[in-house]
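Dear colleague,

Please find the structure below, followed by a short account of what was found in it.

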Amino acid sequence: MPQMLPMIYAPEVLAARAEGRPIVALESTIITHGMPFPDNQIMAKRVEQDLRDMGVCPATIAVMEGNIHIGLTAQNLERLAKTKEAAKLSRADLAVCVAAGTTGATTVAATMICAAITGIKIFATGGIGGVHRGASESFDVSADLREFALSSVTVVCAGAKAILDLPKTFELLETYGVPVIAFGQDQIPAFWSRESGLIAPLRMDDPKAIARAHQMRAALGLAGGQLVVNPIPYIDEIPNHEIEPAILAALAQAQAQSISAKKVTPFLLDYIFQITKGRSLAANIALMRNNAVLAGQIALAFGAD
Ligand code: PSU
Ligand code: MN
């Protein structure tokens, strides 16, 4: 590992490394830009504890005052959950934030980069970025998609949010050579809903098979990771016909207010949260916990290597 990088490992991550216990990375943009305080802090703590209960070490990743934190202490997690100053970091701005000594939360793309340089193979998130609806005009395509083709980390998510253009998102992943693996069902899930109407290119029902495929990709010398799309539990799902009107209202409002670039995803999430009176947030927390558990199972299947 490069010595000159300003990395700070949480004590529990160092202990897990020393004892050969598996580690799962977690992102921080979902904390700073994806959910309001205090739900964001409650969610992050609960997800971390879910992993500890399985014997897996959580490593929430964020940049704080220029240091790349691999795992956050409870105090740092609270500071991050409360701050309104954190930048939203992707591949383009991660190095600038570290060099400038400022604070930023890592998106899926930036979390993958940090996980890869520290040798963490598996990462759990809620939803990934993707091709936005209207992308043929706006060219708004999340940097997350290209990252799956570059950083060798297996990412567990609940699909792409239905605020996106799902067919285009998965077409682009195919172009980039990213394995998209539906867990336990044939369809790609759509974040708040279990079904998207799209059949996944690959399906696996066993976390061990996902771990083996990850290792084989590495053995073949293929760059990039795998994307595991894990359906939200039945009891927590919001059916498509119920969430779609909220999505359309949010998209119309984003257009009316000329919201663009990095602000789009947080704006839409917040607006949908307001319209659904918190139901979208409850679903988001449930699917995040569900993804962490699957990531933990895959991490246990990897073993300590
Ligand atoms: N999914 C969520 N909440 C979030 C995000 C995704 O449920 O906050 C964040 C992730 O960090 C993801 C980012 O990487 O949104 C994508 O942003 P953009 O569309 O600007 O690339
Ligand atoms: Mn974007």
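Ala219 lies in helix α10; helices here are DSSP runs of H or I of at least four residues, and strands are runs of E of at least two, both numbered from the N terminus. This is a predicted model, in which local features need pLDDT of at least 70, side-chain atom pairs count only at pLDDT 80 or more, and totals for chains, interfaces and linings use all residues. Residues are numbered from 1 along each chain as its sequence is written, chains are lettered from A and ligands numbered from 1 in the order in which they are written, and side-chain values use heavy atoms, with hydrogens and water left out.

With a relative accessible area of 63%, Ala219 is exposed (buried means under 20%, exposed over 50%, partly exposed in between, with a 1.4 Å probe and protein chains only). Between the C-alpha atoms of Ala219 and Phe37 there are 43 Å in space, and the two residues are 182 apart in sequence.

His214 also has its place in helix α10, which covers residues 207-219. His214 counts as buried because its relative accessibility is 7%. Beyond the neighbours within four places in sequence, the contacts of His214 (heavy atoms within 4.5 Å) are Lys121, Ser152, Val153, Thr154, Gln226 and Phe302.

Leu222 is found in the loop between α10 and β11 (226-229). Its relative accessibility is 43%, so Leu222 counts as partly exposed.
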